[in-house]
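Subject: Structure handover

Hello,

Please find the structure below, followed by notes on what was found in it.

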Amino acid sequence: MTAHIEQAPLVRRVFWRLAPTRLFADLISKSWMESVIPFVLFVGIFTYLYIANPAFGTIGNLQSISASFSEFAFPAIAVGLTLISGGIDLSVGAIFALVDFAVLFMIGVWGLPTWLAILLAIALGGVIGAINGFLIGFMKTRPVLTTLVALIIYRSIFNLITLNYSEELAVIYIEDPTWNFIATGRILGAPVSAATLVIFAVVAHVILRNTKLGWRVAAVGSSKKAARHAGINYPLVLFLTYCGAGMVTALGAIFYAARLGSVAGPTGQGLEIQALSAVVVGGISLAGGRGTVARAVLGAAIVFLIQNGLTNIGLPGYFTAGILGFVVILAVGADIRWEKNKGKAIEKTLVNPIVFSFASTPDTSPGSQSPLALNDRLKDAEGLAVGLIEGPEDVVVDRLGRIYTGERQGRIIRFSPPYFNEREVFARIGGRPLGLVFDKDENLIVCVAGMGLFQVDQQGKVEKLTDRTTRNWLSILDNSRLRMADDLDIAPDGKIYFSDATDRFDLHDWTYDSLEGRGNGRLCVYDPATKKTRTISHGLNFANGICLAHDGRSVFVAETWAARVRRYWLEGPKKGKLEVFLDNLAGVPDNINRASDGTYWMAFAGMRSPMYDISMRHPGVRLRMLKQLPRDEWLFPSMNHGCLVKFDESGRILESYWDKKAEKHPMLTSMREHKGYLYLGGLENNRIGRIQLPDADQNWTAHDSYWGKS
Amino acid sequence: MRKIIGLLIAGVIGSAVLAGPGNAQSPGWIKSAEFEKQIQDTLKGKKVAWLPESLSFSLVSEWTRVMKEQFEKDGIEFIVRDPNADPQRGSEILSAYINEKPDLLLIHNPNVQLYARQLEQATQAGIPVVQVNMVSNFKTDAFIGVNSVELGRLEARRVVELCKGKKVALMKGSVTSSYSLDITAGVKEVLAEHPDIELVSEQTAGLWDPKGAYDVATTVIQQHPDLCAYMGQWEPMDAAIAKAAEAAGKKPGDIKIMTVGGGDPIACEYIKNGMFDTFFDYQSTLQGQEYVDLVRTVLQQRAAGIDTAAARIGIFTPIKRVTKETIAEGDCYKTNQ
C-alpha cells in the first residue's frame with residue numbers, strides 16, 4: 001500500500017526537531033551547569049578589566065594580584081567546605097589573623113626554622129578548626145552561633161596578643177631564603193602561593209568529589225539524619241571538616257604573612273564575609289550538600305576581581321563593600337530561586353514534540369475486504385485468572401503449560417493448568433516487569449521498566465543481568481542507564497536483544513513519549529558471554545515488541561508511536577542494517593511473537609484515529625494540550641480498542657482478531673501461542689485471555705521453536 | 001653624596017646647576033615667565049598615586065580634598081584608591097600602583113610593617129615614594145607628617161602640669177600603628193621623669209574605635225574615680241572618653257582630657273564646651289597643603305635627575321596647642337567640603 005504523506009513545511013519540522021527548550025531542559029538538569037554561570041561571570045569581568053584597564057593585563061600585575069588572590073582563595077575554600085558540610089565557618093578571619101601572627105612570631109621572635117614554623121602554623125589552624133569541629137560535630141552546637149562566638153573569642157585573643165607584643169612585632173624582619181622564596185618566589189612564572197593554590201585546589205576538588213570522605217561531607221551537608229541512617233559517623237565527618245577548614249585557612253595566612261610580614265589589627269577582619277560571598281557567588285549552596293572546590297575558587301576569583309576592579313576605578317571603600325553586599329544578595333537570591341524553580345523549569349520544558357506525519361490510515365471498516373476489517377473473533381475469549389492479576393503486559397508459557405506474567409507490583413506471578421485460578425508468586429523483582437521470555441535453560445528473562453534486564457531461574461531466584469548500556473555521546477544527558485526496558489528475545493547464540501522504550505521518561509510518564517513522537521527509544525543487545533550491553537540503535541519511536549525471525553537471522557522491532565515495525569539484520573548481506581519492515585500500520589504496535597505456522601503475531605495496543613494523526617502533525621497543539629488539559633483528555637491512539645494481527649515474512653498482514661464490543665480484551669499488548677491456544681496479555685487488564693486456534697499445530701511450543709525439540 | 005643632600009636643600013633652583021654645566025652663562029639665570037613655564041611643564045601630566053588608610057577617616061578625607069584641589073590646578077593626575085582599612089586590599093592597591101609606575105607614590109602606612117617590602121620594591125623600581133603622617137619600617141624618598149613622639153610628649157607635659165602626684169590614663173589606638181606606638185613612647189618618656197604620676201591604664205580602643213574607647217574609659221573611670229587626666233590619640237576616639245566621663249557623672253574638667261589630631265570638628269566643639277582640656281592640633285588642612293608642596297618638590301627634583309630616594313628626608317608638620325582660651329576659627333576643618 002502506498003499512501004500519500006502530507007508533509008509539514010520544512011521550516012516547521014526543523015524548528016520543532018531542534019527544540020531549544022529541550023536543550024535548555026537537558027542543560028539545566030546537569031550539575032555542572034551550576035558552575036557555568038559563575039564561570040561566564042568570571043570570564044566577563046576578567047575580559048572587562050582587561051580591556052578597560054591597560055595596566056590590569058600586564059604580567060607584573062597578574063602576578064601580584066594572583067598572589068593576593070591566592071591568600072584569599074584558601075579561606076574561601078575553607079568556608080566552602082564547611083558550607084558543603086551543611087554548616088558555616090565565620091571564624092576564618094580570626095584564624096587567619098592568629099596564624100599570621102603565630103608564624104611571624106615563631107620565625108621572627110623565637111627563631112624557629114621556617115619549615116617547622118610553617119608546619120606548626122598549619123597545625124595551629126587545624127587545632128583551632130578542631131575546636132569548632134568538636135563543638136559542632138560532637139557537642140552538636142549550631143555552626144552559625146558557634147563559629148560566630150569563636151570569631152569573637154579568637155579575635156579577642158588576637159587583639160590581646162598584638163597588644164602585648166606590638167613592639168616586638170613592629171621590628172620583625174625575617175631574612176631567610178625559604179621564607180623569601182615563599183614570599184616572592186616564582187614557580188613557572190606564578191607566585192608560590194598561586195602555584196600552591198592550583199595544586200591544592202585540584203587535589204581538594206578530587207578528594208571532595210571522588211573519595212569516600214568527600215562524599216560523606218556532602219552527604220552530611222545534604223541531610224544529617226539521612227547520613228546517620230546510612231551509617232555515616234557524622235560527628236567525625238563534621239569534626240574533620242572544620243579541622244580541615246582551619247588548616248586550609250592557615251595556608252592562606254602563611255602566604256599572607258610571608259608576603260607582607262605584617263601583623264595588624266585589621267588582619268583578616270571581614271574575611272569571613274568576603275569568603276562567604278565568594279562561595280555563594282561561586283554557586284555553593286547555603287543549604288549545604290551542594291558545591292565543589294572549583295566553585296569556591298571560581299567564586300573567590302569573581303569577588304576578588306569585583307573588589308579589585310572597583311577599588312582600581314577609585315571608588316571609596318564603603319561603596320565597594322556595599323556593591324559586594326549587593327552582589328551577594330543577588331547570588332543568594334539566585335541560589336534560592338534556582339533551587340526552588342529548577343525542577344519546575346525542567347518540567348515545563350521536559351516534553352518537546354516534533355512534527356510527525358502519517359500517511360492515511362489503512363481501512364479497517366467492517367465488511368471491507370481488508371484483512372484488518374473489524375470482526376468479533378475475540379468475542380469468545382476465555383478469561384483466565386480474572387481479578388487475580390493486575391496488568392499482565394506480557395505473558396509467557398513454559399513447557400508444562402504454566403503461565404507466567406509480570407504485574408504492576410513488580411512481581412512475577414505463575415498460574416498453573418488446568419484451571420489457572422491459583423495465584424502463585426514466582427519471583428519478586430520490583431519495578432514494572434514487562435517483556436518475558438524463556439532462555440534455552442528455561443530461565444525466565446525479564447525486562448523490568450525502571451530497573452533493567454533480569455533473570456529468574458526455575459527456583460525463582462532473581463539476578464540482575466544488566467541495567468545500563470552504551471550511552472549516546474551526542475546526548476547531553478547521560479543515557480547509559482536503562483530507563484524503560486520493554487521487550488526482548490534471544491538469538492540462537494544466546495545474545496539477548498531487547499528494547500528500551502524511551503530514555504527520557506519513566507513508565508508512569510510513558511504518555512509524554514507519545515506526545516513527543518520524537519524517538520527516544522533504543523534497541524540494545526546483552527551478551528551473556530561477556531556480560532556486556534551495547535546500544536545497537538537509538539532514536540527509535542518507543543521501541544517496544546522484539547521478536548526473532550523464525551530463521552534466527554533478523555530481529556523485528558516494533559516502534560509504537562510511529563505505527564511501524566523495523567527489522568534488524570543479524571546475518572546475511574544486510575547484516576547490521578535496521579530497515580523499515582512494516583510501515584503505516586493501522587494501530588500502534590506492541591509485542592510481536594512467533595506463530596506456529598511460520599508467521600508472526602503482533603498486538604496493536606491501540607488504533608490510530610484521524611485526530612491522532614492530525615495532532616501528530618502539530619506539535620504546538622500537543623504542547624498546549626499537555627499544559628492545559630488533564631491527561632485523560634489528550635488526543636491519543638484509542639488505547640481501549642486494539643486488535644491482534646498476523647503478518648508473514650514478506651510483510652503482508654494476513655488476518656486480524658478484534659473484540660468488537662470491547663468486553664473481553666479491550667486492550668491488547670501481548671499474545672503467546674502455545675499448543676493450539678493463544679494467550680493474551682494487556683497492560684491494564686485484570687485477566688489473561690485465551691482463545692483456541694483450531695487450525696494451528698496443536699503441539700507447537702515457543703521453546704521447541706527456539707531451541708528445538710528436547 | 002653630601003653634594004646631593006646639599007642640592008636637595010637647595011631645591012628646584014639648584015637643579016639647574018646639574019642641568020647645564022657646560023653653558024657659558026650659569027643656568028640659574030631664568031626669566032620669570034620661563035620659570036613659571038618650567039614649573040608648569042614639569043608638573044603637568046604627572047601621575048601621583050595616593051594610597052590612604054581609609055577614606056572614611058575624616059582626617060584622611062580632608063587631606064585628600066586639599067590634595068585633589070591643588071593637584072588639579074597643576075594638571076597633575078591624582079589617583080585615589082581606597083583600601084578601606086583592609087591591609088590585604090591596601091597591599092593589592094600598592095602592587096597595582098607599582099605595576100602602573102606612577103610618577104610618585106603617596107603612601108599613608110597603617111603600620112610600620114605592612115607595606116615595608118613593597119615600598120622597597122617601589123623604590124627599586126625607581127618610583128619616588130612619599131610617606132605621610134605614619135612612617136614605615138622602610139624609609140623612602142621622604143616622610144612628611146606630624147612628629148607623633150612629640151605629640152605624646154606634649155600631652156604628657158600638659159598632664160604633668162595639671163596632675164602632680166595623681167592618677168592618669170592613656171587610650172591607645174591601633175597597637176601596631178607607628179603613630180600610636182610613637183605617641184605612647186612620647187608619653188612614657190616624659191612620665192618616666194615624673195614617677196609621682198601614676199599611669200593606671202594604657203588599654204587600646206581596638207582599631208581607633210570610639211565605641212571601644214567608650215567601653216574602656218567607662219571601666220577605667222569606674223575603677224579610678226579620682227582619675228586626674230586621660231590622654232588620647234585621636235579626636236573621635238577621645239570624644240568617646242569625654243562621653244564616658246560625662247556618663248560617669250563627671251563634669252567637664254573633672255578629668256582633664258588631652259586629645260591629638262588633625263582638627264576634626266568634634267575636637268573644637270569639645271574644647272569650646274570644656275570637655276577637652278587641651279587639643280594638640282596638627283591641622284590637616286595645612287598638612288594637606290604641605291603634602292602637596294613636598295610632592296611638587298620631589299617631582300621637580302626627580303625631573304631634574306636628582307636621586308631623591310638617597311636622601312630619605314623627613315619633615316615634621318607644625319603642631320598647634322589649642323585650648324578654650326586660644327581657640328580660633330580654622331583650627332578645625334569642616335567635614336563634607
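A polar contact is a pair of N or O atoms within 3.5 Å; within protein, one atom must be able to donate a hydrogen and the other to accept it, and residues adjacent in sequence count only if both atoms are side-chain atoms. The side chain of A:R608 makes such a contact with the side chain of A:D613, at 2.8 Å.

Some housekeeping comes next. This is a predicted model, in which local features need pLDDT of at least 70 and side-chain atom pairs count only at pLDDT 80 or more, while totals for chains, interfaces and linings use all residues. Residues are numbered from 1 along each chain as its sequence is written, chains are lettered from A and ligands numbered from 1 in the order in which they are written, and side-chain values use heavy atoms, with hydrogens and water left out.

A:R608 sits in the loop between β21 (600–607) and α17 (610–617) of chain A. Helices (H or I, at least four residues) and strands (E, at least two) are DSSP runs, numbered from the N terminus. Is A:R608 buried or exposed? A:R608 counts as buried, at 7% relative accessibility. Here buried means under 20% relative accessible area, exposed over 50%, and partly exposed in between (1.4 Å probe, protein chains only).

Contact means heavy atoms within 4.5 Å. Leaving aside neighbours within four places in sequence, A:R608 is in contact with residues including A:F358, A:A563, A:L585 and A:D613.

A:A563 lies in the loop between β17 (554–559) and β18 (564–569) of chain A, and is buried, with a relative accessible area of 0%. Residues up to four places away in sequence aside, A:A563 touches A:R608 and others, among them A:F358, A:N584 and A:P589. A:A563 and A:A586 are 23 residues apart in sequence, and their C-alpha atoms are 7.1 Å apart in space.

Salt bridges

Side chains of opposite charge can pair when their charged atoms come close. A salt bridge is counted where a side-chain nitrogen of Lys or Arg is within 4 Å of a carboxyl oxygen of Asp or Glu.

A:D506 is partly exposed, with a relative accessible area of 32%, and A:R483 is partly exposed at 30%.

A:D467 and A:R468 also meet in a salt bridge, at 3.7 Å from N to O. A:D467 is buried, at 13% relative accessible area, whereas A:R468 is partly exposed, at 43%.

In chain B, the side chains of B:E150 and B:R153 form a salt bridge of 2.8 Å, N to O. B:E150 and B:R153 are separated by about one helical turn, because they are three residues apart in helix α7 (residues 148–162) of chain B. B:E150 is partly exposed, at 22% relative accessibility. Back in chain A, salt bridges that share partners join A:R377, A:D597, A:K646 and A:E655 into one network.

Where the two chains meet

The contact takes 45 residues from chain A and 31 residues from chain B. Between them the chains bury about 3100 Å², 51% of it on carbon and sulfur atoms; buried area is the accessible area (1.4 Å probe) that two parts lose on being put together, summed over both. In chain A, A:L163, A:L260 and A:T311 lose the most area to chain B, together 16% of what that side buries.

Between chain A and chain B there are zero salt bridges, but 12 residue pairs are in polar contact (both at pLDDT 80 or more). Elements that give two or more residues to chain A's side include α7 (143–170), α12 (234–260) and α15 (317–348) of chain A.

Regards
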